[in-house]
Structures are given as structure tokens and as C-alpha cells.
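Please look over the sequence and structure before reading the points.

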Amino acid sequence: MERSPLFCRRAGTGTGFLELTFFLQQMINGVALGSLYGLIAIGYTMVYGIIRLINFAHGDVMMMGCYFAYFGILMFSLPWGASFVAAMVLTAILGVLIDKGAYVPVRHAPRISALITAIGVSFLLENLGLVVFGGRPKGFTTPDMFAEVYEIAGLMIPALVLWTPLITLILLSGILFIIHRTKAGRAMRCISHDMETTRLMGVDVNRVISITFAVGSAAAAAGGIMWAMRYPEINPLMGIIPGLKAFVAAVLGGIGNVTGAMLGGLLLGLAEILLVALMPEIAGYRDAIAFGILIFILIFRPTGLMGSKLPE
Amino acid sequence: MILLTAEALTMRFGGLVAVNDFNLHIEKGEIVGLIGPNGAGKTTVFNMIAGYYTPSEGVIRFRDSVISGLKANRITKAGIARTFQNIRLFSELSVIENVMIGYHCRIRSSFFGATLRLPLYRREEKMMVDGAMKLLREVGLEEVARERSTSLPYGKQRRLELARALATGPQLLLLDEPAAGMNPNETQELLELILRLRTDYDLTVLLIEHDMKFVMEICERIKVLDYGTTIAEGTPHEIQNNPRVIEAYLGEVQRA
Amino acid sequence: MDPNHRRNQLLSIGGTALLAALLYAANSAGSDYTIRILNNCAIFIILAVSYNLINGVTGQFSLEPNAFVAIGAYTSALLTLTPMEKEISFIIEPCIWPLSVISVPFAVSLLAAGIVTAFFGFLMGFPVFRVRGDYLAIVTLGFGEVVRVIANNTQSITNGPLGLKGIADHTNLWWSWGLAVLTVFLIARMVRSSYGMAMKAIKYDEAAAEAVGINAFWHKMLAFTTSAFFEGIGGGLLAHLITTISPTLFTFFLTFNLLIIIVAGGLGSITGSILAAILVTWGGEALRFLDEPMDLGLFEIPGIPGMRMVIFSLILIFIMIFARHGILGTREFSWNWLSGKLGIGGRPR
């Protein structure tokens, strides 16, 4: 997957300096990839924390976000900044609509029904994508600001690789602010503890859940757009693999915990990039690494790094 | 002969001490009651004995072998069966199937033998059906054997759960609030049933119950828990006159 | 015991004979198209009924069938391909010894597919059943991905992304339906035995099941391994029906189709799985026009690839919202039920 010309390549081998440069470049690369996993994982972890549902469709929501941005630039000739923000808003609305349309009706059904519904929604989005957008990948234009390549101390670093963690950090702070400093955030934390009691205390639970979906989906859109610039193309099935890996990141960090999700994402990103960099012969197995890690955590530390509880 | 001993059992959940330094000896054939206000840690004690929790500290011995830390199904196989506070039947299965399942852990037929219905399995299946019918007769449910278990009225569900526990061939029976939700008539019938089953099946019984009349009548020995600590132990007569017990219960009335 | 046992046995034998007659008729008079659909139906019955064993009967919601089918398909295909064919196919890296020289009859390869897949299922079960619920779903889904990635990368065993071509088309109506009947017969018997009862007990209340002495982990393993065995055989049949396999064939898409089938039929009902397997396979064919260009004489509507799956996804969501128990819930077909419905014969039990 790591074939984009935007990205750092192995500069060369031989001297110790080059080895170090190579290692640093890979680290930076890993952090950039990891922040994307983290951003997407936030949506999983927030939704799971509040209604105990693995939102299978989350990766596909991310995909939709990319298409919104794509059409914003292409069809409505919006400036890329405006287009990205509009895409985040639209994706947030999509997230809320999915909850209202598909998940609310099964809220009180057995957990498995909700999970199956989520799988159905995931497939619906993917195939709607195929029908509406077509199966052929579309090139995603990267704004000049992100396309530049800086040379810093012998490292060739694309601007996007620097911007990604920065934007992620800003969004993460925003989300943490919402969770810890606003009324809606306090309600979210209450609901994740005990939904019925929170309802009895007069909190509009459904509204709070909608906000959760909105925030999580918007974060996924942001992650998706950066993902799209990275590769730089989009297709209707692009959400599957990042979605799965982001879920692993959420479990790695301890599901339900937003900071944990980000840490899990970074760890996963670094692990993937470094393992492949150190052992190029396993490059083909890259997509399996995340699941190897997942199985490993579930066996040895089922509560994840930040130690939230596993569900019954 | 001592059937079960619990020595210095302590159970902690995070910072909360649910049960503290709990000791218990049960002689074969006894009926022992475990009482105390709500949240005193009675069910936690049951869950430790039945293998649902591993005690944070302490040891449980059953017939001279240590069972604390074993998984629930191993403990059942060793000869301790239980019922649950909120009845837990296998909802979609019929009444007789609920009881037959109790025999499953004792059959010798392999998975393949059962699938291919080899002669051994056929004999064992007959044993299961006959045994289950016999137990259903014991508890007065033979008429409804083919019905769905959850379609039974409450009192009958309790008795079905009892039959299911008996099917595992226990020596020690743990009953978690067996009389809960029963009217005085049903309670009286249950009392007679338990006494009869004890003689017929050579049982020892440890039970949790809030119905004091029932407890005082059926138990030979009673242990009182409050806030995870044992506050009294003795015959029903001694317990009724124990000031600490009265205080604990009065306290509960006032708290409520 | 059931007083109508002997009658029911005769009815079952009669039913099987009727099915055989129908297959004979289809085989001699049916078009290639009909025969292909019938083959698909049978294979999907095998896959759905065995998937239902773990998801429906035992209640462990898992998403691994694509992994099992892939393992079965590759195993049996690699075993029936002749050394010569393997030498031609494996152009990037030669096939490893001893696979490169082995070639066995179809029946043996199917049995091997079942055993190898069951073995992998058994190994998978250890980490998988340490978790429950949603986590189980994700971990098993992960296994599907891992198997696909491995199939893509072990060039000298699976021929990587190129896949295997020129697999003999051994699968015919007799093989597919014969094995479907055998699978249903064996799984139904197993489910009726006390092992099956124990599996259902785990589904309804795992803690209570442990309380009656059932080793929940072990019974889940039994269900999972059995399921893997038959999924593997189904995979073998599939490989020898479509004659070309590659890793892209075994994506989550396959699992999704099976999930729709067992959910539509009613999780836990073998009869439901069979009915829904036929319905979905046939329905999938009937809806194929949606994906293909339509010629309406005067003008042509271009096909919309993906439209069929949009409809299937919507059906799944609708079932979950409005008809969670599917066609049959957990009910099963039995001759006693039929004779009761028709109001004929049969002694009361």
C-alpha cells in the first residue's frame, strides 16, 4: 500500500547516518499513519462507549466523507478548505441519519441484532457507493499546501506527513474538550455508565447519542480525507481496511477511551510501518499485522492499554 | 463427616470488599442457612463456592480436595449444584430438555457416538429421559414435560430449576433464595419438597433466603452476614435472640 | 420415544428418494444454467447449515466462514490438480514438495479439505473463544482477512494472487446434493443429541450452562470445529464447480451472503437455513438483471453493478428491524409437525 510518491522512501543504505535518517523517516511516517488510525478509532470508541455497539459501518462512513470532499471540490468548485469542512459536516449528518434510521429501531433488541444491522449498513454504504460513484478509483487532488516536500536535516518530509499529526492533535483536543467540558460531554459519560438512570434524570439520551455519532463521524471524515490525500485516490471499498484497523486501535487503547484510541492508533501505525521497514520481506502481510496484534491483546491484556472493561 | 469447608474467604472487587474473612464448615446431611440484609455478600459467597468467582484470599475444600479456583462446570461435576436468585432456565428448550441437560456432563458417549447414535448413546439417552422424567415426577412437573420451560408459572419454574440441579447428581445443593416470590402455600410445599429430597437423594443443603419463617423452620444451623462479615452463627433459636442480628435487620428497616 | 418413529423414517427415506428423482430429471433435462443454480443451492445449504451451527445453535456470533471456505477450496483443489497442471500454473515460484507431486481422487480431496479446515478451526478456536459477543465477531472477521492475506503471499503453496486455474469440474448434482443431504442429516442429528442441547444451553444462558456442568469452552470448540469441517467440504465442492479460485473470491462478501441466509431463515433453525439458502441463491440469480444491462427493445438501460447487493443489504437491515426471528425463528420441520398440520394419521405421543 505504501507506494505513494508523496511518501518517504528508503533513502539508501550503507552508512550509519543513512540508517538513522531512514529510521527517523519511518518513525514520522508511522506517526502520520497512526494518527489517521487514531482519528478513525475515536468514532468507534465513542459509539461503543455509549451504546455498546461496534459500528461496523464506521469505515464506510469515512469513505463517504472522502467522496463528499471530492465532489465538493470537483462539482461545486469549492476551495479545498471549505470543501473539507463541508464534508465533515455532511458526514456528521450521515452518521446521525444512520443512527436514527437503522440503529434506533434495534436499540432494545439483543446486541447481536444491532451488530447484524451495522454489518448491513456497512454493506449498504459500500454498494451504494459502487452504484452511485462507480467502482473505478478516483484521483484525489492534494492541495499544494500538503503536497510540498520539505527537506529537514537530510530528511525528505512531505508536508502532509507533518500536517496530519498536527491536525489530528487539534481535532483530538476539540473532542476531549467536548467530552470533558461541555454538558453534552458530561451526559455522554453518564450514559456510558448507566443509560436508564441518565434518562430518568431528564437527559435527552437520543440527542446525546446523535451528538456522539456526529462527532465520531466528523472525525472519521477528517481522517478519511487525509487518508485520501495520502494515497491519493478514493474508491467505494476504501473504508474496509482502515475501518478494521481503527477498530483494532480502539481495542488496543481500551475501548470506550478516546485518548486510548489515539494512543492505540499511533502504536498500530508505528508497529506496521516499522515492522515492514525492518523486515521488507513481510510487506505482503502488512494488513494481517493489525489482527495479529488484536489476537495478542485479547489473549494477554483483554482490557487494552488504558484498561477499560471488556463487555460481557 | 465434613463435606465443605471454607477458610478465610475474602473477595474484593477493585476497592470494594464484598466478603471478608468468611469461614464455613458444613457436615454431610445438614441444611445450613445463609442470611443477612441485602448486599451483605451472600450471593458472592455462593459464587465463590460454585466457581463463578475465584476468591481473592482463602481456600474452599469439598470432600478433602481444594475446589477454589476451579471453573464452575468442574465444580458441578465434583458434586455441587446450584440454583440462581433470578431463575435462569434455558428459555427455548422444553421442560424435560432442561432437566436432561443436567445429565449431559455425566454421559460417556463421545460427540461422534452421540451424533451417530451408537448403542452406548442410545442407552444413555434412555437413561437421560427416564432420569429426567423421574425427577420431574419428584417435583410434580411430569404433566408439563413437553412444554416450553418459560411458559411455566413462577413457582413451577423454581421447581424445574431444582430438578435441573438434581440431575447433575450433586451431594451439596446451593439454593439462592428458593422461596422468593412464593405464596405461603407454595413456600410450605417447597419446604416439604426440600426435606424429602434431602432424605431421598442424600443431600446436604446450603441456602440463602429472606423468608425468615422458612429459614427458621428448615435450617439446622444459620450464619448471618452483614457488610461482608459474619456477625453471628448458631441454631435458629440462638439467631433469633442474637442482639447483633436484630440490630442488623432493624438497621435495614431503618435504612429502607 | 416417539411412536411414529418408524413412519417418519420411511417418510425421510421417501423424501430423499424423491429428491434423487428430481435431481435425475434436472440432470438429464435441465439447462446448464439450471444445473449451475441447483449446484449453488446445494453448496450454500452446506455452508449455511454449518455456519448456523456456531452462530445460531450455539449462539456464538462469528464471521469466519470465508476463511474456512477458502481453506477447504484451496486444500481440495491443490490435492486434485495433477503435478503437471501445478507445474504449469505455478509460474512465479514452483509449488512446494510434496504438494507438487500429489494428486488424489476428488472424494479423498473433499475429505482432506474437511479435515484440514477442521484442524485450522480447532487452532483458531483457542484464541477466539477467549472472547465473547462483539469481540468474537471482530476477531473471527480478522481471521478471514488473515487467511486471505496469507493466500495472497504464500506463492509456493497457493500460487498467490494468480490463484489456481483449471481445476477439474468434478462437482455435479450428485456430489453437491449428496453431500448437502449428508451434512444436514449429520448436523441435525448432532443438534438433537445431548451435545446439541448443551450447545443450545450455552446460547440461552452460558452461566447456567456451566452450572449444570457443561464445559462451555469445549462445546463451543466442538461446534466451531464441526462447522469448519463442513465449511471446508463446501469449499472443496465450490472449487471444483467454478474451476478457478483466487484469494479475491473469499472476501467478507461470501460471509455476508451466508449471514443473510442464516438470519433470514431464523438463527438456530436448520430448516430455516435450508429454505433461506435456496431462496437467497435463487433470488440472487433472479435479481441478477439489476446488475446487467437491460434491453427493452427501443432503448437499453445500462446495468448498475452493486444494485443487487444494495437490495440484499436493505433486506438484511429490514429483517433485523421488523422480523428479527427470520422465517422460522428456532422452529424446525418434522414429519410429526407436517402430519399434524395435515391432520392425518400418526399416533399421539
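In this predicted model, Arg61(B) stands opposite Val66(B), a residue of strand E5(B).

- Strand E4 (residues 57–62) of chain B pairs with strand E5 (residues 65–66) of chain B through two bridges, in the antiparallel sense.
- Two residues lie between the strands in the hairpin of E4(B) and E5(B), and Arg63(B) takes a positive phi near 50 degrees there.
- E4(B) also pairs with strand E1 (residues 2–13) of chain B, antiparallel and over five bridges.
- Glu57(B) in E4(B) is the bridge partner of Thr10(B).
- In general, strands of a sheet are paired by backbone hydrogen bonds, in a parallel or an antiparallel sense.

**The six-stranded sheet of chain B**

- An open sheet of six strands in chain B has the order E6-E7-E8-E3-E9-E10, with mixed pairing.
- Its edges are strand E6 (80–82) and strand E10 (229–234) of chain B, each of which pairs on one side only.
- On average, neighbouring strands of this sheet are turned by 20 degrees against each other, direction ignored.
- Strand E9 (residues 221–226) of chain B runs antiparallel to E10(B), and five bridges join the two.
- Within this pair, Val224(B) has Ala232(B) in E10(B) as its bridge partner.

**Contact between chains A and C**

- Chain A has 35 residues in contact with 33 residues of chain C.
- On the chain A side, the elements that give two or more residues are helix H4 (111–133), helix H10 (240–253) and helix H12 (286–300) of chain A.
- H4(A) gives the most to this side, with 15 residues.
- The side of chain A that touches chain C is made up of 26 nonpolar, six polar and three charged residues.

**Contact between chains B and C**

- Here 28 residues come from chain B and 22 residues from chain C.
- The elements of chain B that give two or more residues to the side touching chain C are helix H2 (72–78), helix H3 (95–104), helix H4 (111–115) and helix H5 (119–138).
- H3(B) gives the most to this side of chain B, with five residues.
- By class, the side of chain B that touches chain C has 14 nonpolar residues, seven polar residues and seven charged residues.

Key:
Residues are numbered from 1 along each chain as its sequence is written. Chains are lettered from A and ligands numbered from 1 in the order in which they are written. This is a predicted model: local features need pLDDT of at least 70, side-chain atom pairs count only at pLDDT 80 or more; totals for chains, interfaces and linings use all residues. Two residues are in contact if their C-beta atoms, placed from the backbone, lie within 7 Å. Helices (H or I, at least four residues) and strands (E, at least two) are DSSP runs, numbered from the N terminus. Ala, Val, Leu, Ile, Met, Phe, Trp, Tyr, Cys and Pro count as nonpolar, Asp, Glu, Lys and Arg as charged, and the others, Gly among them, as polar. Two strands pair if DSSP finds at least two bridges between them. Axes are lines fitted to C-alpha atoms, for helices over the stretch in contact, and angles run from 0 to 180 degrees between N-to-C directions.
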